[in-house]
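Please look through the sequence and the three-dimensional model together, and keep both in view while reading.

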Amino acid sequence: MYVAVGSLNPVKIEAVRLAFLALWPDETWRVEGVNVPSGVSDQPMSDEESIRGARTRATRALKALSADFGVGLEGGLHQIGKRYFDCGWVAVCDREGREGMGSTARIPTPPRMIKMIKSGMELGAVNDIVFGTANSKQGDGHFGLMTKNVITRISGYRDGVVMALSRFVHPDLFEDDKEILTKDI
């Protein structure tokens, strides 16, 4: 089976590979990244924007590589009260138009970092400055840096992909979801 990931980021590609392999270990999976635009800002600032980006990446990746599945992963921040949380959203679509949605866990983003983001920086660049790293977006990411790598960017996104794939694990429970998906977000 062929899976197209709407990103060239090796962390996201590996997370997708691990998720598909975990759910269907007897299948042979070919997982390939492709550079597709998300259609949202470089630093999404709401769940809604992140979900739009994930969906756009998934459908564009599916089409670009004529794959069996398209996967889009879009990290973003979401404000709840006065606090901001980092979360990655995942969309998985197939050739029949079915779509699964899932997300990573949420992790607080410190106010100092939010100030830097509001000045125009992306979370990855802020992480690099605050933690003295380089290219953390393709490494530990915010999850890993904040949790001493107990939860890495790969493991966090892997879990989000597994959540999105639950729709394909139990397709009978989602028979009526096409109408819902065309109306939401």
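This is a predicted model: local features need pLDDT of at least 70, side-chain atom pairs count only at pLDDT 80 or more; totals for chains, interfaces and linings use all residues.

For context, most residues other than glycine have a negative phi, and most peptide bonds are trans.

Residues are numbered from 1 along each chain as its sequence is written, and side-chain values use heavy atoms, with hydrogens and water left out.

Helices and strands are named here as DSSP runs numbered from the N terminus (helices are H or I with at least four residues, strands are E with at least two). Helix α2 covers residues 47-65, and its 19 residues reach 27 Å from the first C-alpha to the last, close to the 27 Å expected at 1.5 Å a residue, where the expected span is 1.5 Å times one less than the number of residues. Among the residues of α2 that are buried are Ile51, Ala54, Arg55, Ala58, Ala61 and Leu62; buried means under 20% relative accessible area, exposed means over 50%, and partly exposed lies in between, with a 1.4 Å probe and protein chains only.

Helix α1 has 14 residues and reaches 20 Å from its first C-alpha to its last, close to the 20 Å expected at 1.5 Å a residue. At its start, a side-chain oxygen of Asn9 comes to within 2.8 Å of the backbone nitrogen of Val11, a polar contact (a pair of N or O atoms within 3.5 Å; within protein, one must be able to donate a hydrogen and the other to accept it, and residues adjacent in sequence count only if both atoms are side-chain atoms). Val11, Lys12, Ile13, Ala15, Val16, Ala19 and Phe20 are buried in α1, and what covers the buried residues of this helix includes β1, β2 (30-33), β3, β4 and α6.

The interior can be described through its nonpolar cores, each a set of buried Ala, Val, Leu, Ile, Met, Phe, Trp, Tyr and Cys residues joined through side-chain atoms within 4.5 Å. The largest core has 20 residues, of which Val16, Phe20 and Val92 touch the most other members. The elements that give two or more residues to this core are β1 (2-5), α1 (10-23), β3 (69-80), β4 (83-94) and α6 (153-169), and α6 gives the most, with six residues. Leaving aside neighbours within four places in sequence, Phe20 is in contact (heavy atoms within 4.5 Å) with Val3, Trp29, Phe69, Val71, Val92, Val161 and Leu165. A second, separate core of 15 residues includes Ala61, Leu62, Cys87 and Trp89.

Rings of Phe, Tyr and Trp (its six-membered ring) pair if their centres lie within 6.5 Å, with planes under 30 degrees apart counting as stacked, over 60 as edge-to-face and the rest as tilted. A search of the whole structure finds six aromatic pairs. The rings of Trp24 and Trp29 have centres 5.8 Å apart and planes at 50°, so this pair is tilted. Trp24 is partly exposed, with a relative accessible area of 24%, whereas Trp29 is buried, at 16%.

Charged groups lie over two rings: the charged end of Arg30 sits over the ring of Tyr2, 4.0 Å from its centre, and Arg167 lies over the face of Phe168, at 5.5 Å from the ring centre. The criterion is that NZ of Lys or CZ of Arg is within 6 Å of the ring centre and within 35 degrees of the ring normal.

In the loop between α4 (123-131) and α5 (141-147) is Asn135, which has a positive phi near 55° and is partly exposed, with a relative accessible area of 46%. Ser136 lies in the loop between α4 and α5 but is buried, with a relative accessible area of 4%. Asn149, in the loop between α5 and α6, has a positive phi of about 65° although it is not a glycine.
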